[in-house]
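Please keep the sequence and the model in view while reading.

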Amino acid sequence: MSLTLTTLIASSLLLLLSLITPLFSAIRRRPSLPFEEEASGSTAPDAADMPRITIVLTPQGNSRQLDEHLPLFLTQDYPAGYDIIVVSSLTDSGIDDVLKRYRSHDNLHTTFIPSTTRYMSHRKLAITLGVKASTNDWILLCDASCKPISQRWLQSLARECTAERSMVLGYVRYGADAPSYYHFERFYTTMYLFRESIRHIPYRTNCPLLLFRKSMFMKGNGYQGDLKYTIGEYDFLVNKYADTHNTGISLPYESWMEEDVPTEKGWQNVHIFYQEIRDHLSRSFRHRILYNVDHFLLHTFLLLVLCGLVYSILRSDYILLGVSIVSLFLNILIRRQEYRSAFREYGVNVKPLQGVVYEWSMLWRSMRTRLRYEYADKFDFISHKV
């Protein structure tokens, strides 16, 4: 069989794309984690060099998770001292029972949401009340469903609370028993957001761990303008208050948190609700450009491989058939190796080959989520129904 011009051009294009498209990936652009010695520091930190911090928890009926995780918050090795404020409802007896068991801790405080509150997000209101009740300028906001993975967690995060910063983003992974796709999607999305936060103005965060200054929050009137949306507590804060100069990212392993596995419905709702709030966030278009370019190139390559396979079989072009197969496997091999390195570095509980397949499927999963959003009742996303 002779080598035709069509075969030569198609084969060259497939081989070129198989090598180029893996470069266009969030995993390829991931920020590198600091070495353990660099992250922990060679000497114990001085209390004078760290700010006193207030941890705000808004469990909202999650008494079991609060009971399991609160001891890990209360036993942090943090020389500068810290407070914990738990904001709950007066009618939540489960939370009250948990707090009574830990009332011997002087740095644990409680405040309550007014029972008559209407027409606003209770979660955002709870955060606002916790911030106002704090006597410290630095606020650490996280979910009761999350737990620190180290007793030096607060210490590690505080290293990023420098004088010129007003906000610090943290990393939260799912527990080991979470489905592998949950692990992959959290990590994959975080890599896009972290890169954007390092190079440009941060867009949002998909990790429920955030430090910010009370003075900044109060000066900007908190959640004003966003209180009616029932979700997006962290997204709106980052989108409104972060900029390229005042925001840092805490990457050391000791600063991470681990989140309890959500229910399948809860996990899906988070992604459906994001379809609503992204229309109310600044810089959404710019944020999606890089993701769209990456996936356009990926799926263009896959489509061309499929076309090459079909064309070569119909025309009995065995050279193009072989090149199409080699191109696909070469692309998979490169991506698999990249995922192997990234998953090992960040401790992601996903097999490298699974990561390749999951990346292929993300576009279709996103389309399915968007379709569910289009058929959802839009009043589910706001606190006041009409």
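Which residues line the second largest cavity? In this predicted model, the second largest cavity is lined by P22, S25, I334, R335, E338, Y339 and E359.

## The second largest cavity

The volume of the second largest cavity is about 30 Å³, and the structure holds two cavities of 30 Å³ or more. Helix 12, which spans residues 318-346, supplies the largest share of the lining of this second largest cavity, namely four residues. Sorted by class, the lining of the second largest cavity comprises three nonpolar, one polar and three charged residues.

## The largest cavity

The largest cavity contains about 70 Å³ of space. Its lining consists of Y171, R173, Y174, Y182, H183, R186, F187, Y346, G347, V348 and N349, and the elements that give two or more residues to this lining are strand 7 (172-174) and helix 7. Helix 7 gives the most, with four residues.

By class, the lining residues of the largest cavity divide into six nonpolar, three polar and two charged.

## Helix 7 against helix 10

Helix 7 (residues 180-199) packs with helix 10 (residues 264-277) at an angle of about 25°, and the axes of the two helices lie 12 Å apart. Because angles under 35 degrees count as roughly parallel, helix 7 and helix 10 are therefore described as roughly parallel to each other. The crossing in which helix 7 passes helix 10 is left-handed.

On the side of helix 7 the contact is made by Y181, Y182 and E185, and on the side of helix 10 by E264, W267 and H271. These contact residues divide into three nonpolar, one polar and two charged.

## Helix 1 against helix 12

Helix 1 (residues 5-20) and helix 12 pack at an angle of about 5°, with 8 Å between their axes, which means that helix 1 is roughly parallel to helix 12. Helix 1 contributes T7, A10, S11, L14, L15, L17, S18 and L19 to the contact, while helix 12 contributes I319, L320, V323, S324, S327, L330, N331 and I334.

The residues of the contact between helix 1 and helix 12 divide into 10 nonpolar and six polar, with no charged residue. I334 of helix 12, which takes part in this contact, is also one of the residues that line the second largest cavity.

Note on methods:
Residues numbered from 1 in each chain as written. Predicted model: local features only at pLDDT ≥ 70, side-chain atom pairs only at ≥ 80, totals over all residues. Heavy atoms only, no water. Axes fitted to C-alpha atoms, helices over the stretch in contact; angles between N-to-C directions. Parallel < 35°, antiparallel > 145°, perpendicular 65-115°, else oblique. Left-handed = near helix turned anticlockwise from the far one by under 90°. Contact = heavy atoms within 4.5 Å. Nonpolar A, V, L, I, M, F, W, Y, C, P; charged D, E, K, R; others polar. 1 Å grid on protein atoms, 1.4 Å probe; cavity = no way out; pocket = protein on both sides within 12 Å on 5 of 7 lines; lining within 4 Å. Points joined across faces, edges and corners; volume = space filled by probe spheres on them.
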